[in-house]
Amino acid sequence: MSVTHALAADDRGLDVLLRQDPELAEILLAERRRQSTTLQLIAAENFTSPAVLAALGSPLANKYAEGYPGARHHGGCEIVDVAERLAVERARALFGAEHANVQSHSGSSAVLAAYAALLWPGDTVLALGLPHGGHLTHGSPANFSGRWFHFVGYGVDAETGLVDYDQVRTLARTHRPKAIVCGSIAYPRHLDYAYFREVADEVGAYLIADAAHPMGLVAGGAAPSPVPYADIVCATTHKVLRGPRGGMILCGSELAERVDRAVFPFTQGGAQMHTIAAKAVAFGEAAAPAFSAYAHQVVANARTLAAQLAAEGMAVTTGGTDTHLLTVDPAPLGVDGRTARGRLTAAGIVLDCCALPHGDSRGLRLGTAALTTQGMGEREMRAVGTLLAAVLRGEADTAAARADVRDLVREFPPYPG
Ligand SMILES: Cc1ncc(COP(=O)(O)O)c(C=O)c1O
């Protein structure tokens, strides 16, 4: 199932870099070694294809292109215009959206532009609270969102870990928000977009779906789409979608002009044409039947990993997953989330800490997008779960676990030669 292959073109670039700037080239090589000798279980990460990397490293990086195709503030945009139109058309077709803006530099920039299109400073917004898995852009006081808007947070049930949908409706009725945001950095289940739409309509709010995490699954038909329900859908083009680091926005044609103006000139300057070209490549890849198989395998792998961790005694939030990510409390194995992450990183198992639905303790967030791109399946997920638990219980010492990890990834290199 592996879709990546040797980085031939990239290696040519690396040769140039090695000759010109060995200090920096060594850093790139060290990171490549790290990625190919450890297990990448960070739920937001993946391995892009060499074709995506080729577009990112192309001369399109040189071009300034403020504005939109056919209406740029710079000369010489006739070729990059074709690239952006292609990216837009592919995104629209892939997600069945009337309008796509592919210029957002990141997921956060996409959310910023969505707010800029629909809201004024001081408006009330209802979103998943940060302690329950909301993103920084969903009202963190350290982020523009928390400073410029009045956020009210809904939560997840402390016992089940599931979104408290009754609370969403109650808070919406009480606070009459201008917008409701649905989306999370750590929610392992599908969201009920139809329910959010119903509540938004009831209180006259816009519905913004921040689908950064599930969007790749949506592309592959392995998760429900927010597009028919939300006024605006924001997403990243990395994560399961396996494109370059970046953002995008989808909406209906009635909001198209407001969204485009919110991206440029309101919140961004020149579009990054090499990234937009790489997004086009990724959308093309995601439209192929192999990507649908990949997306479904990502979910099958996450379910298997969740079941294995539960069998090893860990508490799996919501009892499992519908998606590429799962969150677990390692406390039953006698270790808290932060200590667990440190121990696992030392053993070559790389993942994140996350909030848990109950109490203040930290859990672990794991995702299967990258391992699945490497070609791993359910057998390997069971092995990873067993090894992970052995490390946390102190049954496997760090050096031995690291050797096991190295043996496993040697069989599934991210960029096979
Ligand atoms: C739900 C959600 N929104 C927004 C973002 C922000 O994306 P970026 O890191 O590209 O700014 C993320 C990133 O993980 C996310 O999970």
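1. Domain bounds here come from an automatic or database domain assignment. The model is predicted. On that assignment, the protein chain splits into domain 1, residues 59-286, and domain 2, residues 289-411.

2. The centres of domain 1 and domain 2, taken over C-alpha atoms, lie 28 Å apart. Domain 1 puts 27 residues into the contact, and domain 2 puts in 23 residues.

3. On the side of domain 1 that touches domain 2, at least two residues come from each of α9 (215-219) and α11 (273-286). The largest share belongs to α9, with three residues. By residue class, this side of domain 1 has 13 nonpolar, nine polar and five charged residues.

4. As for secondary structure, the protein chain contains 16 helices and 15 strands. The protein chain is as compact as a globular protein of 417 residues, because its radius of gyration of 21 Å is close to the 22 Å given by the globule rule for that length.

5. Taken along the principal axes, the box filled by the C-alpha atoms of the protein chain is roughly 60 × 60 × 40 Å. Of the 417 residues in the protein chain, 51% are buried; a residue is counted as buried if 20 or more other C-beta atoms lie within 10 Å of its own.

6. The last point concerns sequence separation. Taking contacts in the protein chain between residues at least 6 apart in sequence, 73% link residues at least 24 apart.

Notes. Residues numbered from 1 in each chain as written. Predicted model: local features only at pLDDT ≥ 70, side-chain atom pairs only at ≥ 80, totals over all residues. Contact = placed C-beta atoms within 7 Å. Helix = DSSP H or I, 4+ residues; strand = E, 2+ residues; numbered from the N terminus. Nonpolar A, V, L, I, M, F, W, Y, C, P; charged D, E, K, R; others polar. Rg over C-alpha atoms; globule rule 2.2 N^0.38 Å. Buried ≥ 20, exposed ≤ 12 C-beta atoms within 10 Å, placed from the backbone.
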